[in-house]
Amino acid sequence: MPDTYMVPEVLAAIGRECSRSTSFPISTSDIRKWALAVYWPETPPQAFIDAEYAPEDFDPFAWGPAKYESLLPEDDGSVIYRHGINQKALGIPEWEFMVGVNGGMDCKYGVRMHAGDVITDVKSVGQWSERQGKTGLMLMTRVVSVWTNQRGEEVKRTINTGISY
Amino acid sequence: MSNISEAMQAAVGTVTGRTTSYPISESDIRKWALAVYWPGQPPAMFIDPAAAAKTVHGGIVAPEEFNPFAWIAPAHEAFIKNAGKLENNNPDNPEIALGMSGPGLKFQLNGGMSVEYGVRMRAGDVITSESSVGEYSEREGRLGLMLFSRGISTWTNQKGEMVKRTTGTLIRY
Amino acid sequence: MTVNVGDVIPTFVRETGFANWNRYAAVNDEFVPIHMDDAAGEAAGNGGAFGMGNLQWAYLHNMLRAFVGENGEILGMEVQFRSPNVKGQTLTAHGVVTGIEGDVISLEIWTDTQDGLKLAPGSATVRMGK
């Protein structure tokens, strides 16, 4: 285990855009089924059954994007990073961690998603940090994911924290 | 001895219900194809409009076995009134649902289904399913006298064209 | 392509378990305890959770669809579910041409496991794509 994870390659990666995914158009059926699943066994609000708009937590990338491109020259884009980023292609040292867990998400919502919308997700590297834990030095990785609709309006900005140790 | 009562015989042909689907979306078709071909890639005709346009169908059609009623349907009419209360895994459920007594057999198993296909389902289609009571028959088998009962479901699209006719068989003994 | 009685058509193979069943449950809204929970499957006398008959049905369609081509037609199918598809089985959909009448081809179809256990035998009629 290194004394610090905050090596130059890690610090240099902050802010780099890693991938861009484009969704298929959202269908009324996608919205309805999502709501049925997350409200089950209760009936979802009628607005979702009628698919007036999507629940905030709706994921138009479920089952795969319509288009995916890596924005990192070192990545050929053959592997789709749905939630994370290609750390190897960013030049991040390949530390051997015992455990990797989802440390949480922080979301800010913009405009609603509606049927017919095509969402674009651009993922970039957020702030890194480290902390001494019981089992050693822990690395906190933050991935920033910005979703916009076909009019360029921001739908959602998520910071996902991964913890490795 | 027979487990087929006069009431059961008289019920054959009864239309029991009608369900209408929401319009089928391309997304429904794509996800269905992804699931049933997983982890392989589905044929382009189910996920790529340009490739689908070059087929005889002239666009995306659903796989034959696609179910447009999964999750929710906007309209369902039940034509049988005063039906009894169905219980989980009760072998008499088919007759209870018709408001009559069942044969009281203890075991049941899925005897399979037989399907006849008509026109293809496409994005935008609204499918109507009509259920009816099929024939009863009996046969002596290794488990004793076995009762075969059939349920028929006929699907049509918004133009009234037949999409699919399914006959399901339940075996009870 | 010339089709003759006795022709064995290309198979469709899947190793089956929760990874397939959960995906099918998601699209078909088929969240039934016997397909999701080993204890429920065992209580139903199947030694554990087992796959949906509907998914085997779909695999048989996938096999026929590849055979007839994208412009072909599956006219009808019937199967019987004889044995459960339990976790870890490699399921193979098979088909053999049994008859040809005009442009309608009849086939005997079935699914079996890596040990040759036949799970769902049946028959189908198809028309080849032009």
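UniProt, in an unreviewed entry, places the feature "domain: FAS1-like dehydratase" at residues 12-156 of chain A; its positions follow the numbering used here, feature names are shortened, and annotations may be inferred rather than shown by experiment. This is a predicted model, in which local features need pLDDT of at least 70 and side-chain atom pairs count only at pLDDT 80 or more, while totals for chains, interfaces and linings use all residues. Residues are numbered from 1 along each chain as its sequence is written, chains are lettered from A and ligands numbered from 1 in the order in which they are written, and side-chain values use heavy atoms, with hydrogens and water left out.

Reader: How far apart do the end C-alpha atoms of residues 12-156 of chain A lie?

Author: The span is 12% helix and 32% strand. Helices (H or I, at least four residues) and strands (E, at least two) are DSSP runs, numbered from the N terminus. The end C-alpha atoms of the span are separated by 25 Å.

Reader: What area is buried between chain C and chain B?

Author: Contact (heavy atoms within 4.5 Å) joins 30 residues of chain C to 28 residues of chain B. Buried area is the accessible area (1.4 Å probe) that two parts lose on being put together, summed over both. Carbon and sulfur atoms give 55% of the area here, which is about 2,600 Å².

Reader: Which residue of chain B meets Arg65(C) in a salt bridge?

Author: A salt bridge is a side-chain nitrogen of Lys or Arg within 4 Å of a carboxyl oxygen of Asp or Glu. There are 2 salt bridges between chain C and chain B. In one of them, at 2.7 Å from N to O, the side chain of Arg65(C) meets that of Glu64(B).

Reader: Which element gives the largest share of the side of chain C that touches chain B?

Author: Strand E1 (12-15), helix H1 (18-28), helix H4 (53-68) and strand E2 (73-79) of chain C each supply at least two residues of that side. The largest share, 8 residues, comes from H4(C).

Reader: Which residue is the bridge partner of Met113(B) in E2(C)?

Author: Strand E3 (residues 108-117) of chain B pairs with E2(C) in the antiparallel sense over 4 bridges; pairing requires at least two bridges found by DSSP. Within E2(C), Met113(B) has as its partner Val79(C).

Reader: How many residues apart are Asp59(A) and Arg82(A)?

Author: The side chains of Asp59(A) and Arg82(A) meet in a salt bridge at 2.8 Å, N to O. Asp59(A) is in the loop between helix H3 (46-49) and strand E2 (67-70) of chain A, and Arg82(A) is in the loop between E2 and strand E3 (100-109) of chain A. The pair links distant parts of the chain, 23 residues apart.
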